[in-house]
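Thank you all for coming; I would like to take a few minutes to walk through one chain with you. Please have a look at it first, and then we can go through it part by part.

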Amino acid sequence: MGRTVERRKILSLILLFGAISLFASGVKRVDVQFSTPVFDEDANRLHLELTLTNRTSYAIREARVYYREKGEANFNWERMEPQGFRYFAVLNTGQLNSNLMEYYFDIEFEDGLHQTYPDDAPVASLLSYALPQLETPDENIIIISPEPGEEIYTDELIITVSFPRFSAQIDKERIRLFLDTWEVSKSRFFQVFDDFLTFSPNRIPPGKHRIRLELYDRGGKLLARTEWSFVAHRRTGPRALTEALSVSGNVFLESRQEVLQDGNSSTLYNRAGWDINGSFGNLLFGTRLFLSNQERKDRQPVNRYSAFMQYSFWNNRYLRVDVGDSYPIYGPNSLQNIFVRGYYAQLFLKFLNLEFTQGYIQRAIDMQVPAPGDTVLGTYQRDLTAIRASFGARRKFQLGFSYLKGIDNTSSINGKAIEPPKENLVLGSDIYLASADQRFVLEGYVNASFINNNITGGSIPFDTLRSSLPDSGKGLEDIYNTAKQFITINQYLSLIPSLAYQIQARGRFFRNYFTIVLQSIEDGYFSMGQPYLLADYQGFSLTDNINLFRNQVFLTVGFQRFQNNVKGTKSTTTVTQSSYLNISYFPTGNAPSITIGFNNYKRGNDLDKPPAEDNTEEIDQLELPESNNTNTFNFSTSYSADIMGLDNQFTINLMSFQQRDDFYQSGNSNSGLVSFITRTRFQFPLITTLEVSLQQTESAKGTDVENRIEMNNFGFGLEYQLGRLFIRSDNLTAALNAQIGTVNSVIQNANQSLKYTRAFVSGRLIYNMPRIGRFSVNADFINYTGDQAYVDYIVTARYDISF
C-alpha cells in the first residue's frame, strides 16, 4: 500500500512540474513580476520592465530579453539594466518588419544556471505585443525617394514624397516628418510645396533608418500616416589623413546593497565600467569594460572586457579584430548567443569574407573541499575554435561554410570534474538569396555534429583497432590519422553525425508579409557554440502578416507543428502544434486602438492510457500519455485623450487561459486577468501612472490538489522634473512608485490556505548636469505580511557620464 501511495506521489509531481522548461534548470530561484509594456510611438521603442525577487544566495549575473518577429526562427536579444529589484530594457522595434512581436526573459545566475519567464519559454509559451505600425506605404502617399528598402550613401539622402489627393486638405504647418526619432519637419533642410515635400540634409549616420510622415488637416485631424525604411552606407574611398579624431562613450560607477529575507542574506555589489568608441579617418575603434566585486576564480566569469579595431577599405569593405569577450554569430545551430573570451577577426570583402574565432566559453574551476567530507567537483576549461568562409555581400547572395571545434582542456584542472571531458566537431554550410528589392528572401543552414562524450586517455591507437577491422584495416590507417587530427577517436565517439537544418523564406507581396520556417534537429545533435539548443525537434511554422484598410488594420495568422523522435528510435512520438490569430486596429483618427488575439496549443503522443500503478518503469522514463489542449484569448485597447489640458493614455487588458487534459484531471486549469492602466502627463513636468490588476486561477478541480489562487494588485507612480537648479541646462528628476498586492491561495480538499500581502515601494532621485555627469540614488523596499512575512530592500547609488 505504501509503495502505491509513493508511485501516485511520483506521478503527481511529474504532472505538476512536467511543463517547466529545461532552460529554467528545474528551479524557480526568483519571483517574477511582469509590468505592462509601454510603447513610445515617436521613437519606435518598446519599454519593458521586470521586478525580480531573488530567493537564493546566488546573485543574478544578467537578465536578458529575447525577441523576434512572429514567425521568425531566430531571436535577437538585449541586456536589461538593473535598478534595484527592477530590470529595464528598451527595444528598437523600428528594425522589425512584422507588427506582431514575441519575446521572453532569461535570468542568468552567477553559477551559470538559468530561469526563464514564462517558465516554459522558448519551447512553448512566449509573450507577444502588437506594434502600432508596419512598414507598408499608404496608397495615397507616393514615395519618390528613397524607395522602401533602398540602399544609398550617407551624403546623398533626398526625401521626396508626393500627396496629390490631400493637397487641398492638409495644413502645411502641421506636417510632421521624422527621420528615426528626429522630427526633421522643423529643420531648415525641410521644404513643403503644394502637393509634395522634400528634405535634403548634408549627411546622415550610416545604418538602417526609418522615415515616418504624418499629414494633418487644419482642424488637427490625422489624414494619413506612412512609414518606410532605407539603409545608408558610408563612402569609404580614400580620405585625408588629417581627418579629426572623434571619441565618444560612457563611464559608470555603481554601488548596490542588497538585503533579502529579513537580513538573512546581505550582499554588497560594487561595479564599474565603460563603453568607448572612436574613429580616425578610415579607422574605427572601441573598448568595453565591466568590473564587479563578485568576480571569483571559483565561478564562471562575471567581469566583461573587450576591445575592437576596424579598418574600412572601400565601398563598405573592412577588416575587424576583437580581443576579449565577443558574441560571434555563425548560424542558429552552430555558434550564437554565447560569449567567447579570446579573439574574433572578420575580413569582409563581399566577394570573399572570412571569420575566425578562438578562445574559451567555460572557465576552468578546480575541485574544492570547503569542509571535510564535502567536495565540490570542478569544471574543465572549454576551448573553442571556429572558422567561417563566405562568398557574397549578403545583399542578394551569400554562400558560407563553417567549422567549429570545442574541447574540454583536461590539463586545466588538477582534481575531479563534474562530468567527463568532451569534444565536439560541427561542420556546416549556409546560403542566402534575396531579390534586389528584398521583397523575397530565402536563407538556409545545415550542420553536422560529431560528439565524443569522454576523451579521457585520448585516441585509441590504430594498432589496437587493427585486429577488429576487415583486412586488418588495410588502407584505413591514413583515414584514421587524418580524422584524429579533428576529433578524439575512441569508444565514446559517435561515428554517425547528427544533423540539423533550418530553412526560412520571407516574402512581401500585395500587403502581405509571410514567413515559412522548416526546422529539424536530430536527437544527439550538440554544439558547444550553442549549448542550450533544443535537440530532437522537427517541424514547420507558417505566418502571414496582412495589412488592411490603409495601414489601420493588421491581421496576423499562423500555424506551427513540431514533434520529437526525429530518428524514430523512441517508443512514442510527442507532437505539439499551435494556431494563432491576432488582429490589431490602429486608427489614423482620434479613436481607441484595439488588439484581439487567440491562440490554440495542443500537445499529445500516441500512448492511449496512463501507466499502471504497479509499473514504475514508464514513470521513471517519463513515457506518460499526453493529450492536452490550451486556449488563450487576449484583448487590449488603448486610447489617448486630452482632458482639461492633460495628456492621458488609458489602457485595458483582458486575458483568459483555459487548459484541458484528456488523461489527468489535475492538469485542468482556468485563469483570467483584468488590468487597467492610465498614464497622465500634466502641463507642468509631472507624469503620473495608475494601475489596477485582478487575476484568478483555478486548477486541478475535483482532485485532491484542487487549488484556487486570487491575486489583486494596485499601483501608482509619480515622476516630477525640476530644471535650471544651478545652471540653465541641469535637471533633477524625482520618482516614486508603489504597489500593493494580495495573494490568497486555497487547496480545497486539504483545507490548506496561504494568504499574504506584498507591498512594494521604489523611489529614485536623478540629478543630471551636462559635461559633469548624472548622479542617481535608487531605493527599493518590499514587505511581505501574513503567512509569508519578511522584508527585502535594495539601495543603489550610481554615477554616469557620457561624452
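This is a predicted model: local features need pLDDT of at least 70, side-chain atom pairs count only at pLDDT 80 or more; totals for chains, interfaces and linings use all residues.

Let me begin with an open sheet of four strands, which has the order S11-S13-S17-S16 and antiparallel pairing, where two strands count as paired if DSSP finds at least two bridges between them, and where strands are DSSP runs of type E with at least two residues, helices are runs of type H or I with at least four, and both are numbered from the N terminus. At its edges are strand S11 (142–145) and strand S16 (190–192), each of which pairs on one side only. From one strand to the next, the twist averages 15 degrees, an angle between axes that are lines fitted to C-alpha atoms, taken between N-to-C directions on a scale from 0 to 180 degrees. Three bridges hold S11 and strand S13 (residues 159–162) together in the antiparallel sense, and in S13 it is Val161 that stands opposite Ile143.

Residues are numbered from 1 along each chain as its sequence is written, and side-chain values use heavy atoms, with hydrogens and water left out.

How confident is the predictor in the chain? The average pLDDT, which is the predictor's confidence in each residue from 0 to 100, is 84 for the chain, and 89% of the residues score at least 70. Confidence is lowest in helix H1 (residues 2–17), with a mean of 35, and highest in strand S29 (residues 381–391), at 97. Over residues 1–27 the pLDDT stays under 50, and there the model has 36 contacts beyond four places in sequence, a contact meaning heavy atoms within 4.5 Å.

A second open sheet has five strands in the order S12-S19-S18-S14-S15, with mixed pairing. Strand S12 (151–153) and strand S15 (182–183) each have a single partner strand, so one side of each is left without a neighbour in the sheet. S12 runs parallel to strand S19 (residues 222–233), joined by three bridges, and Glu151 has Val231 as its bridge partner in S19.

Now to strand S4, where 10 of the 10 residues are buried, so the strand is largely enclosed by the rest of the structure; buried means under 20% relative accessible area, exposed over 50%, and partly exposed in between, with a 1.4 Å probe and protein chains only. S4 pairs with S8 in the antiparallel sense over nine bridges, and Glu69 stands opposite Met101 in S8. S4 is also joined to strand S5 (residues 76–79) by four bridges, again antiparallel. These two form a hairpin with six residues between them, and Gly71 in the turn has a positive phi of about 100 degrees.

Finally, the rings: the whole structure holds 24 aromatic pairs, meaning rings of Phe, Tyr and Trp (its six-membered ring) with centres within 6.5 Å, called stacked when the planes are under 30 degrees apart, edge-to-face when over 60, and tilted for the rest. Tyr66 and Tyr104 are stacked, 5.3 Å centre to centre with 10 degrees between the planes. Tyr66 lies in strand S4 (residues 60–69) and Tyr104 in strand S8 (residues 100–109), so their pair ties together parts that are 38 residues apart in sequence.
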